[in-house]
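Trainee: I would like to learn how to read local features in a structure such as this one. Could we go through them slowly, with the general idea placed before each case?

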Amino acid sequence: MAPGLQRLTESGLSMVDWHLVKEMKPPRTQQEWEAEFQKYQQFPEFKILNHDMTLPEFKFIWYMEYSHRMWGRVVGLAYILPAAYFWRRGWLSRPLKGRVLALCGLVCFQGLLGWYMVKSGLEEKPDSYDIPRVSQYRLAAHLGSALVLYSASLWTGLSLLLPQHKLPETKQLLRLRQYAHGTTALIFLTALSGAFVAGLDAGLVYNSFPKMGERWIPDDLLAFSPMLRNIFENPTTVQFDHRILGIASVTAVTALYLFSRKIPLPRRTRMAVTSLLAVACVQVGLGISTLLLYVPTPLAATHQSGSLALLSMALWLMNELRRVPK
């Protein structure tokens with residue numbers, strides 16, 4: 001959820017260039033800090049939004065972005081170095097080798113996509129009166145890539161570590177498996193829609209629940225033309241869609257839980273279903289609280305983390321219900 005945290009702290013545009021090795025050493029002297037600050041002052045965020053920023057304030061946002069980039073490098077090494085070691089020792093099966101290569105490739109792609117996203121916020125836009133920010137489309141792509149990487153990693157780990165259940169292939173089990181797949185897809189889509197909420201600051205446009213202001217459907221829901229633009233560029237529509245997806249997700253999880261009660265399931269699978277429902281309820285509570293309290297950073301960051309926890313529970317349940325290969 002780090003891309004969302006950079007948006008919450010408005011620190012993602014503080015480092016205005018990208019070097020794989022060179023930027024690992026932060027500025028140390030006053031002269032180096034002033035040079036770094038002068039580079040930042042050449043770009044739209046400082047000129048339009050932060051023109052009265054002091055050097056100590058710049059250091060804070062710079063270190064927020066620096067820690068994000070360094071964490072990305074640590075994650076990359078955590079994938080690539082063990083993969084190379086296990087490969088060399090012959091501990092990977094042929095199917096697992098393909099999966100490991102794909103995961104390592106996705107890690108590298110994620111880093112490149114992150115810089116591509118940041119570049120969109122550094123560009124001069126003379127015809128725009130909006131505050132400088134990264135493209136919500138590129139932010140969603142960066143978050144989506146991270147979610148795919150995380151989901152594939154978690155699925156691989158669960159498949160290797162947890163012994164598979166030999167469940168009887170009944171019609172009810174088949175239906176439960178289908179429901180679990182559909183619910184997981186809905187949770188993924190809801191988490192992805194959060195990137196558009198963060199990218200457009202859409203959490204700040206209507207801070208009431210369940211209504212949006214005085215209405216169930218706000219007047220400016222379809223204010224942009226053509227109509228399709230509203231889904232991705234109108235903050236009101238983006239928040240409305242995120243609400244609907246969130247409500248649909250918790251409803252689907254509740255229905256999945258109730259349906260699962262009719263089917264005899266192993267203890268661990270039952271635990272996965274119950275955990276999914278519990279995390280879904282907490283996540284809804286976090287989302288509503290974040291909205292009503294005008295998006296305080298700690299609560300918003302917890303809500304973002306909650307979406308990852310909810311996706312994790314859904315993937316765990318899917319893994320529990322997977323078919324035993326013949």
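Mentor: Let us begin with the polar contact, which is a pair of N or O atoms within 3.5 Å; within protein, one must be able to donate a hydrogen and the other to accept it, and residues adjacent in sequence count only if both atoms are side-chain atoms. Here a polar contact of 3.0 Å joins the side chains of lysine 39 and aspartate 17. Bear in mind that this is a predicted model, in which local features need pLDDT of at least 70 and side-chain atom pairs count only at pLDDT 80 or more, while totals for chains, interfaces and linings use all residues. Residues are numbered from 1 along each chain as its sequence is written, and side-chain values use heavy atoms, with hydrogens and water left out.

Trainee: Where is lysine 39 placed, and which residues does lysine 39 touch?

Mentor: Helices are DSSP runs of H or I with at least four residues, strands are runs of E with at least two, and both are numbered from the N terminus. Lysine 39 belongs to helix 2. Contact means heavy atoms within 4.5 Å, and, not counting residues up to four places away in sequence, lysine 39 touches Val16 and Asp17.

Trainee: How should I read accessibility, and what is the relative accessible area of lysine 39?

Mentor: Buried means under 20% relative accessible area, exposed over 50%, and partly exposed in between, using a 1.4 Å probe and protein chains only. Lysine 39 has a value of 31% and is therefore partly exposed.

Trainee: Which side chain makes a polar contact with that of glutamate 233?

Mentor: The partner is the side chain of tyrosine 137, at 2.8 Å. Glutamate 233 sits in helix 8, which covers residues 229-233, and counts as partly exposed because its relative accessibility is 23%. Leaving aside neighbours within four places in sequence, the contacts of glutamate 233 are Gln136, Tyr137, Leu200, Phe224 and Val238.

Trainee: At what angle do the axes of helix 2 and helix 4 cross?

Mentor: Axes are lines fitted to C-alpha atoms, for helices over the stretch in contact, and angles run from 0 to 180 degrees between N-to-C directions. Angles under 35 degrees count as roughly parallel, over 145 as roughly antiparallel, 65 to 115 as roughly perpendicular and the rest as oblique. The axes of helix 2 (residues 30-40) and helix 4 (residues 55-89) cross at roughly 80 degrees and come within 11 Å, so the two helices are roughly perpendicular to each other. Helix 2 contributes Gln30, Trp33, Glu34, Glu36, Phe37 and Tyr40 to the contact, and helix 4 contributes Leu55, Phe58, Lys59, Ile61, Trp62 and Tyr63.

Trainee: What should I look for in the backbone?

Mentor: Most residues other than glycine have a negative phi, and most peptide bonds are trans. In this model the peptide bond from phenylalanine 209 to proline 210 is cis, with omega near 5 degrees, and the one from serine 225 to proline 226 is also cis, with omega near -5 degrees. Proline 210 lies in the loop between helix 7 (171-199) and helix 8, and proline 226 is found in the loop between helix 7 and helix 8 as well.

Trainee: Which loop holds tyrosine 294, and is tyrosine 294 buried or exposed?

Mentor: Tyrosine 294 is in the loop between helix 10 (267-292) and helix 11 (297-320), and at 55% relative accessibility it counts as exposed. Although tyrosine 294 is not a glycine, its phi is positive, at about 65 degrees. Valine 295, also not a glycine, has a positive phi of about 55 degrees.
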